[in-house]
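Trainee: I am new to this structure. Please take one part and go through it closely, with the terms spelled out.

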Amino acid sequence: MKHVAESQSTYLYEAHSEAETEQLAAHLAPHCQAGAVITLDGDLGAGKTRFSRAMAQSLGVRDNVNSPTFTIIKEYEGTEFPFFHMDVYRLSLHEAGELGLDEYFYGAGVTLIEWSELVEELLPADRLAIRIEYAGEQDRQFHLTPYGEPYGRWCRELKENGILI
């Protein structure tokens, strides 16, 4: 069954360095609660894993975080809750459906999914969708689309604080 959710708006964050990519994760992490789902999409090399690593660190994960391309799902202990890092690039929709992703999406941790558009039909209706686009050699544009609350609130607060456009 495909989940359909209305988004409120799309917000923009411009990063001109890897450090600024990491800053976006640091701004989002304090808003995260158990059950939060963040999706990441963009071309190869756009910065999905860099952002994921920064998010994990901002959530208190002390382990080395790398792309779970071949393991599909990696679980880490954060300061307040687990961090589930997924890379579904190599999965078919059918294979992804057999993994029991709902247990992660509605569980006690924060779930971050790279290449989420490949399993869009399995995603929860409420989530923060992030698309990363190249804007230059080091420059990236992050398009954040909140689906449902609290994600809309996260983005509005970050916009009010001058982080998002």
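Mentor: Glu-22 has a relative accessibility of 31%, so Glu-22 counts as partly exposed; buried means under 20% relative accessible area, exposed over 50%, and partly exposed in between, with a 1.4 Å probe and protein chains only. This is a predicted model, in which local features need pLDDT of at least 70 and side-chain atom pairs count only at pLDDT 80 or more, while totals for chains, interfaces and linings use all residues. Residues are numbered from 1 along each chain as its sequence is written, and side-chain values use heavy atoms, with hydrogens and water left out.

The side chain of Glu-22 meets that of Arg-50 in a salt bridge, at 3.2 Å from N to O. A salt bridge here is a side-chain nitrogen of Lys or Arg within 4 Å of a carboxyl oxygen of Asp or Glu. The pair links distant parts of the chain, with Glu-22 in helix H1 and Arg-50 in helix H2, 28 residues apart. Helices are DSSP runs of H or I with at least four residues, strands are runs of E with at least two, and both are numbered from the N terminus. Arg-50 is also partly exposed, because its relative accessibility is 26%.

Now the two helices themselves. H1 covers residues 18-28 and H2 residues 48-58; their axes come within 8 Å and cross at roughly 45 degrees. Axes are lines fitted to C-alpha atoms, for helices over the stretch in contact, and angles run from 0 to 180 degrees between N-to-C directions. H1 and H2 are therefore oblique to each other, since angles under 35 degrees count as roughly parallel, over 145 as roughly antiparallel, 65 to 115 as roughly perpendicular and the rest as oblique. The crossing of H1 past H2 is right-handed, that is, the near helix is turned clockwise from the far one by less than a right angle.

On the H1 side, the contact (heavy atoms within 4.5 Å) includes Glu-18, Glu-22 and Leu-24, and on the H2 side Arg-50, Phe-51 and Met-55 are among the residues. By class, the contact has seven nonpolar, two polar and three charged residues. Ala, Val, Leu, Ile, Met, Phe, Trp, Tyr, Cys and Pro count as nonpolar, Asp, Glu, Lys and Arg as charged, and the others, Gly among them, as polar.

The structure holds five salt bridges. Another is between Arg-153 and Glu-149, with the closest N and O atoms 3.7 Å apart.
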